[in-house]
Amino acid sequence: MRSRRIVMTILTFILASVLVLSGCSKGKSDNSSSSSSTPSSSSSSNTSSSSGSGSGGSGSGDSGGGLDPRLEKWGLDENLRFKETRKIKVEVYDRGNDNGTPPESNFYAQYIKEGMLRDHNVEVEFVPVPRWTEVEVINNLLAAGEAPDVSVTYSYPTIQTYANMGGVLDMAPYLEEAKDFLPDLWDLLTDDNIYWNRDPQTGTIWAIEARLAVLNRINTFVREDWLKKLNLQPPTNLQEFENMLRAFRDNAGLLLGADADKMIPFSISFDVGWRADHLIASFVPNDITDKDMFVYGFDDRKFLYPNYKEAIRVLNKWYNEGLIWKDFSLYPAGDPTEDNLMKAGYVGAFMHNWDYPYRNGEDGIHAALQRMVGPDAAYVAIEPFPNDAGLYRKFLSPPIDRKVFFPATNKEPIASLLYLNWISKEENRLFLQFGEEGVTHERMPDGSYKSLVVTGEKIMNSPNNIDYTITVNGIKLSDPDLTIKSIANGYAGVDKRFIEIAHRITTHDGRIGKNANVGEIAAESGMGPALSEKRDVVLNQAIVASPDQFDRVFDSGMEDYLRSGGQAIIDERKAKWEQFYGDKTNLD
């Protein structure tokens, strides 16, 4: 941890130096460049007016037939094409998929590049960032002054940290002045997501929130064929789930034959908070208030929620009974070892992303399992963990996803906004999500989309190409019914029954998070990665501890977490809540 802090100090110094040099050279830029990056002084970052009517044409500011003066200033013609070619760099996640394609230059990357050059005279260069270490990598890129012009991360505290050091552009004035020319971005995100992070006191917007089109999050999966083979019903409570895991362990010979010694009743990874989410949620009191969810909700794995420890105690018991994969803590994010164990047929149950076993077509877990084991082998989603009110509670995200931001080194904010608008336009977005008709999908008689098995250059590295559609995660068609049908049809080679069950369960009894917008929490600045690492260490060590050492290991780890910045965040969040909401405990 000490070495991490030293590295971050060095990176901060580098960032400061880069920003100073950038500031010194700004005045030497040509007029065209500076006009593109400087908003009108009359723009107000605190205005939230309705979207204008501008699209690909002259925009709502056109009066008397002349070219809108904003377009003149930005170097755009009446069709929103730059008179001189502009260049931007855009972040794209690299998932390192088996049989995947280079994310910076594949078929879909070329579609975007050609479209942006044709429609706006903007050259796009994609910068691949490893998906599973994206927070660390974007930290390093920001510190070195090398972050792409259009950057994306799941970590808002990372953005806030560098914004405080002058390393991130305030998007508010650019969004406000260019709003008339961004109709597709506004239609997709609406004021809610665009202004989600607007500081209530300063009006700054360091990042806009992508739309989470479908709130599906996590599911608990079990081998359906194993349940049938052991004549077991899907478990509906914790005790039944435990009994099922023991039955898997005790019948390893029947279920796996000569590979009985490879039996893993329940699999989990080092990311315990995500991979045990449904179990953890069942221990949180049903009457937890919005205030407590905010005050103790800094950690995205809900590490500070009440009764969290008791859920981890259950995992400790399972581990010591031989019910959990003994090597779960050894493999980092993105490592394929666990997936390969599932594909080989050794894993009985696990929790993961709501559709995890059905992803990636022929390279996915479902297809591999059926090839290796047989056509009846499959994972099915179940609901086994009721809470104290008898509800199968899921804590769901509000309709926000990745955070899209512009680093201070971005000299083309208008071109960057036009990029976001372009990928938000429905026809472009749907092509990226579904690809070519007859090749990657077919249209069903009811109008829904059905995905086809794809190999080669037109394979998608992520579900529905979410790594390119950075303003939306999930399918969002104009017809909600067609959206649901298309989701069910979106897994080539998978019986849609499995998708329909998973889709129904993942949000059942869900509680959607609310936006308690209190502005910056200074204590969070720079703390995200360090505290997340501490959390993971605590949880991993607590699970593998002997039962008589569990309390000592968990409690000492929690104390260290709180001393290392967690308590300061709790205190500031509590004070900010009371500043803005007084004695209210729940939001409207």
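Reader: Hi, new here. Are Glu338 and Arg275 buried or exposed?

Author: Both Glu338 and Arg275 are buried. Keep in mind that this is a predicted model.

Reader: OK. What do the side chains of those two form where they meet?

Author: The side chains of Glu338 and Arg275 form a salt bridge, at 2.8 Å from N to O. Glu338 sits in helix H16 and Arg275 in helix H12 (residues 272-275), so this pair ties together parts 63 residues apart in sequence.

Reader: How many salt bridges does the structure hold?

Author: There are 43 salt bridges in the structure. One of them joins Asp180 and Arg70, with 3.1 Å between the closest N and O atoms. That pair links distant parts of the chain, 110 residues apart: Asp180 is in the loop between helix H7 (172-178) and helix H8 (183-194), and Arg70 is in helix H3 (residues 69-74).

Reader: And why does Asp180 count as buried?

Author: Its relative accessible area is 15%, and buried means under 20%. Arg70 is buried as well, with a relative accessible area of 15%.

Reader: Got it. Which residue does Arg246 form a salt bridge with?

Author: That would be Glu321, and the closest N and O atoms are 2.9 Å apart. Here too the pair links distant parts of the chain: Arg246 belongs to helix H10 (residues 238-250), while Glu321 is in the loop between H15 and H16, 75 residues apart. Arg246 is buried, at 19% relative accessible area, whereas Glu321 is partly exposed, at 26%.

Reader: Which residues are linked in a network of salt bridges?

Author: Arg246 and Glu321 are among them, and the network also includes Glu242, Arg249, Asp250 and Lys317.

Reader: Switching topic: where is Tyr331 found?

Author: Tyr331 is in the loop between helix H15 (308-320) and helix H16 (337-344). This tyrosine is partly exposed, with a relative accessible area of 29%.

Reader: What does Tyr331 touch, leaving out residues up to four places away in sequence?

Author: Phe270, Trp325 and Thr337. Tyr331 and Ser269 are also 7.5 Å apart in space, C-alpha to C-alpha, though 62 residues separate them in sequence.

Reader: Last one: where is Leu117, and which residues is it in contact with beyond four places in sequence?

Author: Leu117 is in helix H4 (residues 107-120). Setting aside those sequence neighbours, Leu117 is in contact with Arg81, Thr85, Val122 and Glu123. Leu117 and Arg81 are 36 residues apart in sequence, with their C-alpha atoms 8.7 Å apart in space. Leu117 counts as partly exposed, at 36% relative accessibility.

Conventions
Residues numbered from 1 in each chain as written. Predicted model: local features only at pLDDT ≥ 70, side-chain atom pairs only at ≥ 80, totals over all residues. Heavy atoms only, no water. Helix = DSSP H or I, 4+ residues; strand = E, 2+ residues; numbered from the N terminus. Buried < 20%, exposed > 50% of the residue type's maximum accessible area, 1.4 Å probe, protein only. Contact = heavy atoms within 4.5 Å. Salt bridge = Lys/Arg side-chain N within 4 Å of Asp/Glu carboxyl O.
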